[in-house]
Amino acid sequence: MKEPILKVRDLYYVYGNGQIGLDGVDIDINEGEKIAVIGSNGAGKSTFFLNVNGVLKAESGEISYRGTMINKKNLKELRKNIGIVFQDADNQIIASTVRAEVAFGPMNLKLPKEEVIKRVDEALTYMDIMDFKDRPPHYLSGGEKKKVSIADIIAMKSEIIIFDEPTVALDPLNAEMLEEVLSKLSREEKTILISTHDVDFAYRWAERIIVFCQGKIIADGSPLEIFQNEEVLKRSNLKQPMLLNVYESLVEKHLIADEKIYPRSIEVFQKMIQVIK
Amino acid sequence: MREIILFVLGFLAVAVLLMAVVGQYHSQDGKHHHKIGHKHGEGVVIDMHAYASKIRGWNPTFKVSLAMVLLILCIALNNPCVSVAVLIAMAYLTMVKGGLSVNEYLSVLMIPITFILLGTLAIAIEFSFDPIGQFNLHCGFFYIYTSQEKLKEMIFLILKVFAAVSALQMMTLSTPSSEIISVMRKAHVPKLIIELMNIIYRYIFILLDVYSKMKNSADSRQGYCDFKTSCYTFGGIAGNMLIISLKKANAYYDAMEARCYDGEMIFLEEEKKIEINQIIMAVIFVAVLFLLWGLTK
């Protein structure tokens, strides 16, 4: 088996007020995986991300990236290779033009200026926001800011990209744009972790789902395994995805054959129903 | 000699105004001027003009140094003809070259008018118990008096101040803050101040946003129904703003660290080419100012 790209062992994190944030997290993340991280509010998803990125320092535990143990010295290596797109773009955007903003990461990597400009242009083209490269971020709309915050990370060429609740505060059109970007990134063999409360999205998109509850990982498996496990769903205050629910109801009423072929998207489901007619 | 120069300058002023009006008329006729953002307050409007200006592409160092040189010349030469010439040239740059509408330019230029009038009136007018001076006005038991000399001094001072202000407005109305900050960095202003300026500039808009959201939500719950409640709500919002800004500062720091921030903020600055003929024009203009000064001394 291939060596996992990111290995986390026994990670403990305690907040400043003594509250436990992470309570022994073990996980292996393989290259190119599409992982959805779900769990109720305050379950430790964001804390986990910040720990993995080295922003928060864990009490104990080990993180190794491509087989190299992370310590204080090579922390920068970790941050360079793991990018986080924060939930609120306004908390991430720091510079006063879009161009300078996207360049912030590459500039911190101390790259030569030509390389920075090249990367910025690439990232802007990637997100299709070349038009407002000279605009200040405070005159952008919410969806545009989100695009800028994603371009920030693309410009850093991180191998693992973490999205912290990206679909929150996006209108359907922008959410669609986000999914397109995600599939584009997957084609480039990027490893993607997304925290979300949208179970329908997680079911449709993810290859693997990790469930957090009170600072622990309580389940880790394929979407189907997770969403059919009622105990896990109950413990983490989650609901079954609509599509799975509908499919199971139809099977129960013997309206469609129980072939155990679970449709992941509406399109597949519609085809399935047409066959029945 | 002086009369001729003043006449020429007056003619130029009218010409610039006409050009600005005609330019504006044409731009409205052709395509709609696309504006970005929405209004918050006067300061933010100036910020928006800077981004919309047509001379934004000029080299910021050139614009800032030109404004500074003109500002110093206005004060140092202390000559009404120089002041008028600067006023006209700056109006030309901002309105005709920059594409700012006449109304907007005048409204921005009028911001300091109260201060200027109050300040200069004190120079022109004096009080006395006796009817003295060239002109005097009896006000009960005292007199307000002034003289032609004093009035002239006042008008020249107003011209001088307006010329200096218009030079600075030319800079602020055509150069976004981030570029002005980068010019200051090149001028070796301490790094700490530069970083603070960058962050403060970005923060102003975030805090304004937070403030307007909190104000709206308080307003929708009758938080401003009478004076006492308004004061109470204002206090609450101010307190909350402090907490939120602390929280935001934390979130920001995390986000910056996640992108390899290690204690030094460096931003990509665009290199804008400086054009030789712009410099030549500026040098010629400064020479003309000196000539005007020499002729009317």
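The contact between the two chains of this predicted model draws 40 residues from chain A and 34 residues from chain B, with contact taken as heavy atoms within 4.5 Å. About 3400 Å² is buried between chain B and chain A, and carbon and sulfur atoms give 59% of that; buried area here is the accessible area (1.4 Å probe) that two parts lose on being put together, summed over both. On the chain B side, R202(B), R259(B) and L268(B) supply 27% of the area that chain B buries against chain A, more than any other three residues. For the complex, the predictor gives an ipTM of 0.81 and a pTM of 0.80.

As for bookkeeping, residues are numbered from 1 along each chain as its sequence is written, while chains are lettered from A and ligands numbered from 1 in the order in which they are written. Local features need pLDDT of at least 70, side-chain atom pairs count only at pLDDT 80 or more, totals for chains, interfaces and linings use all residues, and side-chain values use heavy atoms, with hydrogens and water left out.

Seven salt bridges turn up across the interface of chain B and chain A, each being a side-chain nitrogen of Lys or Arg within 4 Å of a carboxyl oxygen of Asp or Glu. R79(A) and E257(B) meet this way through their side chains, at 3.5 Å from N to O. There are also 15 residue pairs in polar contact between chain B and chain A, both residues at pLDDT 80 or more (a pair of N or O atoms within 3.5 Å; within protein, one must be able to donate a hydrogen and the other to accept it, and residues adjacent in sequence count only if both atoms are side-chain atoms). Helices α2 (42-52), α9 (191-220) and α10 (227-258) of chain B each supply at least two residues of the side of chain B that touches chain A. Of these, α10(B) gives the most, with eight residues. Helices (H or I, at least four residues) and strands (E, at least two) are DSSP runs, numbered from the N terminus.

Chain A has an open sheet of four strands in the order β2-β1-β4-β5, with antiparallel pairing; two strands pair if DSSP finds at least two bridges between them. Strands β2 (20-29) and β5 (68-69) of chain A sit at the edges with a single partner strand each, so one side of each is left without a neighbour in the sheet. Five bridges join β1 (residues 6-14) and β4 (residues 60-65) of chain A in the antiparallel sense, with L6(A) opposite Y65(A) in β4(A). Helix α1 (residues 45-52) of chain A packs on this sheet, touching β1, β2 and β4 of chain A, and its direction makes about 120 degrees with that of β1(A). Axes are lines fitted to C-alpha atoms, for helices over the stretch in contact, and angles run from 0 to 180 degrees between N-to-C directions.

Another open sheet in chain A has six strands, ordered β6-β7-β8-β3-β9-β10, and its pairing is mixed. Its edges are β6 (82-85) and β10 (216-221) of chain A, each with a single partner strand, so one side of each is left without a neighbour in the sheet. Neighbouring strands of this sheet are turned by 20 degrees against each other on average, direction ignored. Strand β3 (residues 34-38) of chain A runs parallel to β8(A), joined by four bridges, and I35(A) stands opposite L193(A) in β8(A). Helix α5 (residues 142-155) of chain A lies across β6 and β7 (160-164) of chain A, at about 175 degrees to β6(A).

The side chains of K216(A) and D23(A) form a salt bridge at 3.4 Å, N to O. That pair links distant parts of the chain, K216(A) in β10 and D23(A) in β2 of chain A, 193 residues apart.

In chain B, β2 (residues 135-139) pairs with β3(B) in the antiparallel sense over five bridges. The two form a hairpin with two residues between them, and G140(B) in the turn has a positive phi of about 65 degrees.

Lastly, confidence. Mean pLDDT (the predictor's confidence in each residue, from 0 to 100) is 88 for chain A and 84 for chain B. Within chain B, helix α1 (residues 2-30) has the lowest mean, 69, and helix α3 (residues 60-77) the highest, 92. Over residues 29-40 of chain B the pLDDT is below 50, and beyond near neighbours in sequence this stretch has 11 contacts in the model.
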